[in-house]
Amino acid sequence: MEWKWKTIIEPFKIKSVEPLGITTRDERKTVLEQAHYNLFNIKAEKVLIDMLTDSGTGAMSAAQWGGVMNGDESYAGARSYYNFEREIKRLTGFSEVIPVHQGRAAEKILFGVIGGKGRYIVSNSHFDTTRANVEFSGAQAMDFPVKGALDFGKPAPFKGNADVAAMEKFIREKGAKNIPLCVMTVTNNSLGGQPVSMENLKAVRAVCDKYGIPMFLDCARFAENAYFIKLREKGYNSTPVREIAEEMFELADGAWMSSKKDALVNIGGFLALNDKDWSAKARQMLILTEGFNTYGGLAGRDLEAIAIGLQEVLDENYLQYRIRSSAYLGEGLLKHGVPIIDPPGGHGVYVNAKKFLPHIRPQNFPAQALACALYLEGGIRGVEIGTLMFGRRDKNGVYQAAPMELVRLAMPRRVYTQSHIDYVIEVFGWLARHKKAIKGLDVVEAPPILPHFTAKLKLAK
Ligand code: F0G
């Protein structure tokens, strides 16, 4: 439907509600201390607006809940599997559809098949579980983000793109035989949820063809990416988003998806591809670690909900609302002088804490300090992407400054309304006026691998 009004509305009404965790500042101060200034250690019921992630936190539709009741829980050959397979084939065109319980299970299986020592996987940017699974297989994960992707304050339409020339140079240096895969992450989560253009996908495809390297999509947020192409790329403004998404998949040899994002469900994923040899090996691993070919670690009801969600997510009224909500939050923050990755990505807004809190050194974790202040003052939970998450220390145990200090405010799908977002903007306005009072943090203890999940911190002296 063509929308001629300035106000973009939530294109749904609410049938079932869940109370928010309303707490006092004093309570939150205690919660924060008990959680050792690590927001992963906080009980969700003590959070008012939870922007930790958009993964698995969305609201399902009435149609999806109806599908849940229709789920066929047969071990083998369940009707729900065939609904799931049909929708994925219709969207992606790939012949082999392998269900998994979430995105990283697909990554574990795929890189178990094609990874290994001496091999390299090239990408616009690997998401952190992707990188971890590539490296766990013995291979190396190489990122080639487009120039300007780290220029957070400088708007550009497709900051998720790959630097094609740099990628090709690397392929030539290392030899294509050592590079079993190129993966394009759409949208590019690690660098702000920024979209990849069709032109860039085509250019990467051409390089892959030249060297005989398969190209896959990590398509967790494919619909958001396709909608950005419609909005921003020449020649697509009257193309239906479904056709744009299909064109993206046509360029690829395979894809995997964390369905917890753009399939609008709370759990699930898939690996889809054409290569019969890879898929046969992947199915062996699937049966070993996930489950039989027609359920792969999911219940029949989950498969049913994914099949429906994959159709709903391509509704352009939904996507208009979705992309408008992150833009709205971004505009609100910019009005208060809060620096962000500009323009905002599809699934949330990333605040540049390095710029916002210049008085806190990287060794005192400015992004983590900001995330804690946001919780203390407003009960809002975001996530640090910075020196704590990257967790690199020198031989004396001193933290090495990460290239970025960001707080990601991820937006769960169909969960919060505009007044929730107005509230977040208001809290940020207050923080912007009182930011000098925000103190840095010191690590008390942290494990070497993925430290941000379990690290304990305290206020710096
Ligand atoms: N790929 C991308 C681009 C992702 O964003 C994620 C998860 C995964 C793969 C892994 O999928 O969680 O289902 O195993 N991203 C979540 C996030 C965790 O918060 O951004 P998973």
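Guide: For 461 residues, a compact globule would have a radius of gyration near 23 Å, and the chain, at 22 Å, agrees with this (taken over C-alpha atoms, with the globule rule being 2.2 Å times the number of residues to the power 0.38). This is a predicted model, in which local features need pLDDT of at least 70 and side-chain atom pairs count only at pLDDT 80 or more, while totals for chains, interfaces and linings use all residues. Residues are numbered from 1 along each chain as its sequence is written, and side-chain values use heavy atoms, with hydrogens and water left out.

Turning to the ligand, 16 residues surround it, the closest being Thr53, Arg104, Ser258, Lys261 and Arg408 (a residue counts if one of its heavy atoms lies within 4 Å). By class, this shell holds 1 nonpolar, 8 polar and 7 charged residues (Ala, Val, Leu, Ile, Met, Phe, Trp, Tyr, Cys and Pro count as nonpolar, Asp, Glu, Lys and Arg as charged, and the others, Gly among them, as polar). Helix 4, residues 103–114, contributes the most to the shell, with 3 residues (helices are DSSP runs of H or I with at least four residues, numbered from the N terminus).

Among the individual pairs, a polar side-chain atom of Thr53 lies 2.7 Å from a ligand oxygen atom, and an N or O atom in the side chain of Arg221 is 2.9 Å from an oxygen atom of the ligand, whereas Asp218 places a polar side-chain atom 2.8 Å from a ligand nitrogen atom. Of the 470 Å² of accessible area that the ligand has on its own, the protein covers 93% (by the Shrake-Rupley method with a 1.4 Å probe).

Terms used. A polar contact is a pair of N or O atoms within 3.5 Å; within protein, one must be able to donate a hydrogen and the other to accept it, and residues adjacent in sequence count only if both atoms are side-chain atoms. Helices (H or I, at least four residues) and strands (E, at least two) are DSSP runs, numbered from the N terminus.
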